Amino acid sequence: MTFRGAALSLLTIAAASLAPAGALTAGPIAAPPAAEAFRLGGLKLFTLRDARYEAANDGRTFGVDAGPAAVAALLSKSGLPTDHIDLSVDALLVIVPGHVALIDTGLGPKAHGGLIASLKAAGFVPAEVTDLLITHSHGDHIGGLLDTAGAAAFPKATVRLSAKEWAWIQTQASSAGLVAAIGPKVKTFEPGVPILPGITPVALGGHTPGHVGYEIVSNGARLLDIGDSAHSSIVSLARPEWTMGFDNDPVAGKSSRRDTLAMLAKTHELVFAPHFPFPGVGRIEASGEGYAWKAGLK
Ligand SMILES: [Zn+2]
């Protein structure tokens with residue numbers, strides 16, 4: 001998802017609150033806290049709910065080149081409303097020896113993010129988080145780095161993100177406050193090299209310049225957190241080649257999405273997708289000319 005920074009998030013919320021009664025509430029929406037535990041090999045993980053997000057089916061986000069009617073046809077085939085696309089906003093907590101690692105931080109408390117309550121439901125408080133693993137620097141993934149006072153929300157955590165993404169954040173004027181607040185805690189990496197026991201960042205370009213996923217491996221079991229390689233479990237999988245308005249580089253974005261989905265359908269490893277229906281864990285299967293989501297651990 002996009003809205004690069006708090007300013008645009010707040011605009012989205014303001015627009016939503018001005019919508020006439022009965023109209024679509026596009027943008028982030030608060031959701032009850034939720035934490036779901038599961039095991040991967042010898043590791044314990046939790047998916048944590050942050051919020052919901054409604055994207056209007058207006059040809060600006062999903063199916064930019066295909067048009068709203070084509071998107072509506074896919075949604076209607078799945079029995080869903082056709083005027084918008086429902087997304088979840090979730091994060092993944094991974095407990096590895098000596099580390100409590102949180103992959104992405106949600107929208108943040110200023111934009112309806114409820115991640116801290118979900119973290120508490122999992123049995124942890126922010127000061128216990130040792131590592132924040134960031135997939136990319138859009139507001140629905142880094143908004144939760146700061147608390148309502150603009151200070152680091154996870155006071156003891158190292159913030160890990162790709163060197164390319166960190167360089168890009170620093171060119172965004174809207175991120176100046178965030179850069180100042182988290183700068184001393186940032187540790188950058190090059191994708192492909194393990195950064196914590198069993199966790200390796202994987203370059204998945206296109207959505208943002210330094211966008212990564214995280215491959216987690218334990219006792220032969222594997223899971224890939226795909227970040228924003230795919231946003232909708234329906235539209236992004238059925239037609240991965242459609243242009244996605246949230247992708248910074250739409251051509252690289254669709255090629256990365258196609259390659260990642262093809263790889264996941266072949267390996268059949270577990271997937272965590274932060275914007276698929278909570279808890280966002282399942283597998284990718286080939287289906288027709290695209291792919292389908294098989295939710296669950298099996
Ligand atoms: Zn996103």
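Is Asn-219 buried or exposed? I looked this up in a predicted model. Asn-219 is exposed, with a relative accessible area of 71%, because exposed begins over 50%.

**Entry 1: two positive phi values**

I found Asn-219 in the loop between strand S10 (212-218) and strand S11 (221-225). Its phi is near 50 degrees, a positive value in a residue other than glycine.

I then turned to Asp-104, which is not a glycine but has a positive phi of about 75 degrees. Asp-104 sits in the loop between strand S5 (99-103) and helix H3 (115-121). At 1% relative accessibility I noted Asp-104 as buried.

**Entry 2: the sheet that holds S10 and S11**

I traced an open sheet of six strands in the order S9-S10-S11-S12-S13-S14, with mixed pairing. Its edges are strand S9 (199-203) and strand S14 (290-295), each of which pairs on one side only. On average, neighbouring strands here are turned by 35 degrees against each other, direction ignored.

Within the sheet I looked at strand S12 (residues 270-272) and strand S13 (residues 281-287), which run antiparallel and are joined by two bridges. I asked which residue of S13 is the bridge partner of Val-271. The partner is Gly-282.

The loop between S12 and S13 contains Pro-279. I noted that the peptide bond from Phe-278 to Pro-279 is cis, with omega near 10 degrees.

**Entry 3: salt bridges**

How many salt bridges does the structure hold? I have eight in my notes, and I looked up three of them.

One of them pairs Arg-52 with Asp-86, with the closest N and O atoms 3.1 Å apart. Arg-52 is in strand S3 (residues 43-56) and Asp-86 in strand S4 (residues 84-96), so the pair links distant parts of the chain, 34 residues apart. Both ends are partly exposed: Arg-52 has 30% relative accessibility, and Asp-86 has 43%.

Another joins the side chains of Arg-160 and Asp-131 at 2.8 Å, N to O. This pair also links distant parts of the chain, with Arg-160 in strand S7 (residues 158-162) and Asp-131 in strand S6 (residues 131-133), 29 residues apart. I noted Arg-160 as buried, with a relative accessible area of 12%. Asp-131 is buried too, with 1%.

The last one I looked up runs from Arg-239 to Glu-241, whose closest N and O atoms are 2.7 Å apart. Arg-239 is partly exposed at 25%, and Glu-241 is partly exposed at 24%. I also noted a network in which salt bridges with shared partners join Arg-52, Glu-54 and Asp-86.

Methods
Residues are numbered from 1 along each chain as its sequence is written. This is a predicted model: local features need pLDDT of at least 70, side-chain atom pairs count only at pLDDT 80 or more; totals for chains, interfaces and linings use all residues. Side-chain values use heavy atoms; hydrogens and water are left out. Two strands pair if DSSP finds at least two bridges between them. Helices (H or I, at least four residues) and strands (E, at least two) are DSSP runs, numbered from the N terminus. Axes are lines fitted to C-alpha atoms, for helices over the stretch in contact, and angles run from 0 to 180 degrees between N-to-C directions. Buried means under 20% relative accessible area, exposed over 50%, partly exposed in between (1.4 Å probe, protein chains only). A salt bridge is a side-chain nitrogen of Lys or Arg within 4 Å of a carboxyl oxygen of Asp or Glu.
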